Amino acid sequence: VLASLNLPAALEDLTGDAVPQSILEKSRAVVQQGGLQSIEQLIKDLPELLQRNREILDEVMRTFICFMVFYTDPNV
């Protein structure tokens, strides 16, 4: 059930005062991959990527419509 909700299979024990080891490891991994600046750059890039994806989808739809017209026209 947890996996179907895109949640981890094991939940963190947050009853103590210390930060769980798995959280510390994840934090180190984020820092090693560029930290907050890297995350901010990814967020900044989203509008351009969204536009490119829309252009690709538009082209696919135009191609699909041409294909459907060509192959469903009884005169072809």
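Helices here are DSSP runs of H or I with at least four residues, numbered from the N terminus. The model is predicted.

**Exercise 1. Locate the kink in α2 and give its angle.**

Solution. The kink lies at Leu-46, shortly before the proline Pro-47. Its angle is about 40°.

**Exercise 2. Describe the burial and the accessible surface of the protein.**

Solution. A residue is buried when its relative accessible area is under 20%. Of the 76 residues, 3% count as buried. The accessible surface comes to about 7,300 Å². Carbon and sulfur atoms account for 63% of that surface.

**Exercise 3. Find the salt bridges, and decide for each partner whether it is buried, partly exposed or exposed.**

Solution. The rule asks for a side-chain nitrogen of Lys or Arg within 4 Å of a carboxyl oxygen of Asp or Glu. By this rule there are two salt bridges.
- Step 1: Arg-52 and Glu-55 meet through their side chains at 3.5 Å, N to O. They are three residues apart in helix α2, which means a separation of about one helical turn.
- Step 2: the relative accessible area of Arg-52 is 47%, so Arg-52 is partly exposed. Glu-55, at 37%, also counts as partly exposed.
- Step 3: Glu-59 and Arg-62 form the other bridge, at 2.7 Å, N to O. Both residues lie in α2, three residues apart, about one turn of the helix.
- Step 4: Glu-59 has 41% relative accessibility and counts as partly exposed. Arg-62, with 46%, is partly exposed too.

**Exercise 4. Which residues form the nonpolar patch on the surface, and what is their accessible area together?**

Solution. The patch is made of Met-61, Phe-64, Ile-65, Phe-67, Met-68, Val-69, Phe-70 and Tyr-71. Together they have about 830 Å² of accessible area. One of them, Tyr-71, is found in helix α2. The cut-off for an exposed residue is over 50% relative accessible area. At 56%, Tyr-71 therefore counts as exposed.

**Exercise 5. Classify the aromatic pairs and work out which rings they link.**

Solution. Ring planes under 30 degrees apart count as stacked, over 60 as edge-to-face, and the rest as tilted. The structure holds two aromatic pairs.
- Step 1: Phe-67 and Tyr-71 have 4.5 Å from centre to centre and 45° between the planes, and this pair is tilted. The two residues both lie in α2, four residues apart, about one turn of the helix. Phe-67 counts as partly exposed at 44% relative accessibility.
- Step 2: Phe-70 and Tyr-71 have ring centres 4.9 Å apart and planes at 85°, so this pair is edge-to-face. Phe-70 has 45% relative accessibility and counts as partly exposed.
- Step 3: Phe-67, Phe-70 and Tyr-71 are linked by ring pairs into a cluster.

Conventions
Residues numbered from 1 in each chain as written. Predicted model: local features only at pLDDT ≥ 70, side-chain atom pairs only at ≥ 80, totals over all residues. Heavy atoms only, no water. Buried < 20%, exposed > 50% of the residue type's maximum accessible area, 1.4 Å probe, protein only. Areas by Shrake-Rupley, 256 points an atom, 1.4 Å probe, with all protein chains shown as cover. Bend = angle between axes of the 7 residues up to and from the residue. Patch = residues over 30% accessible without salt bridge, like charges linked within 9 Å, V, L, I, M, F, W, Y side chains within 5 Å. Phe/Tyr/Trp six-rings, centres within 6.5 Å; stacked < 30°, edge-to-face > 60°.
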